[in-house]
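Keep the structure open while you read.

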Amino acid sequence: MNALWGLLRKEGYHILRDRRTLAVLIFMPVIQVILFGYSIRTDVKDVRLAIVDPTPDATTLELRNRFRAAGTFRIIAVVPTHADLAPLFQTDTAQVAVEFQPQFGQRIASGEVAQVLVATDATEPNSGSARQTYVTAVIQNYEQELRQRRGGIRIVPQLRSRFNPTRESTNLFLPGLMAMVLNIIAALMTALSLTREKETGTMETLLVSPLRPWQIIVGKVAPYLLIGFVSVIAVLLEAKLVFHVPIRGSVTLLLIEGMLFILVSLSLGILISARTSSQRVAMMAAMLGTMLPTQMLSGFIFPLESMPRVLQWIANAIPAKWFVVVARGIMLKGVGLSYLWPETLVLGLMTLALLVASARSFKVRLQ
Amino acid sequence: MPDLAIQANGLTRTFGAFTAVDHITFDVRAGEVFGFLGANGAGKTTAIRMLTGLLAPSDGQATVAGHDVRRESEAIKRDIGYMSQRFSLYDDLTVRENIQLYGGIYDLSGAEIRDRTERILRRLGLERVERDPVHAIPLGWKQKLALSVALLHDPQIVFLDEPTSGVDPITRRQFWELIYETAHAGTTVLVTTHYMDEAEYCDRISIMVAGRIDAMGTPAELKQRAGVDSIDELFVRLARPTGDRAQHEART
């Protein structure tokens, strides 16, 4: 135990004396979550709307007010003719345009078909169609109200989306984002710290000493687990305070699961460092080995259900996939271990497998 | 302690088709300073890695401090010290912390670690810099500290793998005095080097060429046998392909 304690203390010194790296390790996740959290959004917000109204009247003014009141739109121009629209789109001043037919109000009043054209800048098809939907919704609502006033049919549709009633995409993304950021940073920490010992030659001395492979591994993992713990707390606070993502389930459970996920990632870093010999290679492997799979195959941005069977299979080998389910479960659905034990078990087994594989790699003399 | 500190018999290591160490056989007596000479790539480091339990032999046997290298590598680890050419110290730890770290790794008690730390600091005159990070002290001090750390747990045998590479002649000389002290205190020293003047300081030397031991004996014996004035001359003759005849004569 004396030996292990010595190793742990030494690692502590390494970490504390390299203040700059320590700061990067702790603040990088926080900053990344901010950056990604604000940039990865599919919400329709602040849509720049242009209106073509050849013959303004009470009805069109009413509809314009509806758009204004919806909160999603900002009316940037009201122009009289269709021709005025083109430059607005070309300069990206407008993203969506609503064009009323001449005598729009009169037509409605007299029961004729009143036409309205909704044109969208579809450079980004997804957000384009999202905007279109929003515009159409406002118009349809209005149309429905008109019908009610005349008819007497009262249809009050109630829409509700579970878990994310406001349809905030941050709520959906943030747990996955946390997974990705923690995954990268944790794998990097151990991968770099162990390969550094290989580069400076101190690894050789540790291997010649009576230290057991597991002691060397624990001596590396434990101190970084502590840093990981700080990161998990920081990122969760950020999610709650900055992005207002709810934590409906047990915070304690979330912290424990977060630590388990950090442990998996640290173990991955250890395995990478056991198989590589330079910090440069280890860094590349750790970045590529965590960032790409976590982004693409954890289901945090792209739903796994819509992927080919083969990719879904591969995704099972990615720790983040399981942690995303756990984090979303606890944060958004408020479920506990009785629902999440399979994912927890998978993460535990992955840790074990990675650590055993690393310990074997360290037994160099058995080559 | 057995009479023979190291005993190697037909020790061989191959990497694929390449034979790094080719059936070497030699003994090192307890308390001896045994020099392992050879050009870069001659197989010295591979031989040391096998003897320290870092690498399994492909063929042959060896015992170190009475333990078999194949079956008892864990026992060997407690009885040997090791200093690599890169000094194996942690640059960002202080002098004192480095000593304490290795004391802990070799399971010395707290009191033993304190005692030995003070002894080393006093003997090397490092008391003033004990709280300085290792990267801030001169190379020569670092080197002596590395040796002292390798000897911290009183090993029977200490392996020094090119401990003097990249060090100036004066510092090398001082370092060799420390090696002598170590041997006088009863520790067997196996040292690899490619400085031929250092070979003259050893009790016995072996010269490795392309994985084989081409000459072995005391420096005086070897010089006399080959009819040369210095080990340097002998080495150049052995290492050169045209030196076949001399190689034959010098082989034991």
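Strands β6(B) and β7(B) run parallel and are joined by 4 bridges; strands here are DSSP runs of E with at least two residues, helices are runs of H or I with at least four, and both are numbered from the N terminus. Across that pairing, Tyr82(B) sits opposite Phe159(B) in β7(B). β6(B) is covered on both faces, with Ile80(B) and Tyr82(B) buried on one side and Gly81(B) and Met83(B) buried on the other. "Buried" takes 20 or more other C-beta atoms within 10 Å of a residue's own, "exposed" 12 or fewer, and "partly exposed" is in between, with C-beta atoms placed from the backbone.

A word on what you're looking at: this is a predicted model, where local features need pLDDT of at least 70 and side-chain atom pairs count only at pLDDT 80 or more, while totals for chains, interfaces and linings use all residues. Residues are numbered from 1 along each chain as its sequence is written, and chains are lettered from A and ligands numbered from 1 in the order in which they are written.

Back to the sheet. β6(B) belongs to an open sheet of 6 strands with mixed pairing, in the order β6-β7-β8-β3-β9-β10 of chain B; two strands pair if DSSP finds at least two bridges between them. At the edges stand β6 (80-83) and β10 (212-217) of chain B, each with a single partner strand, so each has one side without a neighbour in the sheet. On average, neighbouring strands of this sheet are turned by 15 degrees against each other, direction ignored. Further in, β3(B) and β8(B) pair in the parallel sense, and Phe36(B) stands opposite Thr192(B) in β8(B). Helix α6 (residues 169-184) of chain B lies across β3, β7 and β8 of chain B, at about 150 degrees to β8(B). Such angles run from 0 to 180 degrees between N-to-C directions, with axes as lines fitted to C-alpha atoms, for helices over the stretch in contact.

Chain B has another open sheet, made of 4 strands in the order β2-β1-β4-β5 with antiparallel pairing. Its edge strands are β2 (18-29) and β5 (67-68) of chain B, each pairing on one side only.

| Pair | Sense | Bridges |
|---|---|---|
| β6(B) and β7(B) | parallel | 4 bridges |
| β3(B) and β8(B) | parallel | 5 bridges |
| β1(B) and β2(B) | antiparallel | 8 bridges |
| β1(A) and β3(A) | parallel | 4 bridges |
| β3(A) and β4(A) | antiparallel | 5 bridges |

On to chain A, whose secondary structure comes to 14 helices and 4 strands. Why call strand β3 (residues 96-100) of chain A largely enclosed? Of its 5 residues, 4 are buried, so the rest of the structure largely encloses it. Val96(A) in β3(A) is the bridge partner of Leu49(A), while Phe100(A) is partnered by Val116(A) in β4(A).

Chain A is divided into domain 1 (2-40 + 168-366) and domain 2 (47-150), with bounds from an automatic or database domain assignment. Their centres, taken over C-alpha atoms, are 49 Å apart.

As for cores, each is a set of buried Ala, Val, Leu, Ile, Met, Phe, Trp, Tyr and Cys residues joined through C-beta atoms within 7 Å. The largest nonpolar core has 136 residues, and Met178(A), Ala179(A) and Leu182(A) touch the most other members. Helix α7 (residues 169-200) of chain A gives the most to this core, with 17 residues. A second, separate core of 15 residues includes Phe67(A), Ala94(A), Phe100(A) and Val135(A). Beyond its neighbours within four places in sequence, Leu182(A) is in contact with residues including Pro29(A), Val232(A) and Phe261(A), where contact means C-beta atoms, placed from the backbone, within 7 Å.

Finally, where do the chains meet? Contact involves 23 residues of chain B and 24 residues of chain A. On the side of chain B that touches chain A, α2 (73-79) and α3 (95-105) of chain B are the elements giving two or more residues, and α3(B) gives the most, with 5 residues.

Terms used:
Two residues are in contact if their C-beta atoms, placed from the backbone, lie within 7 Å.
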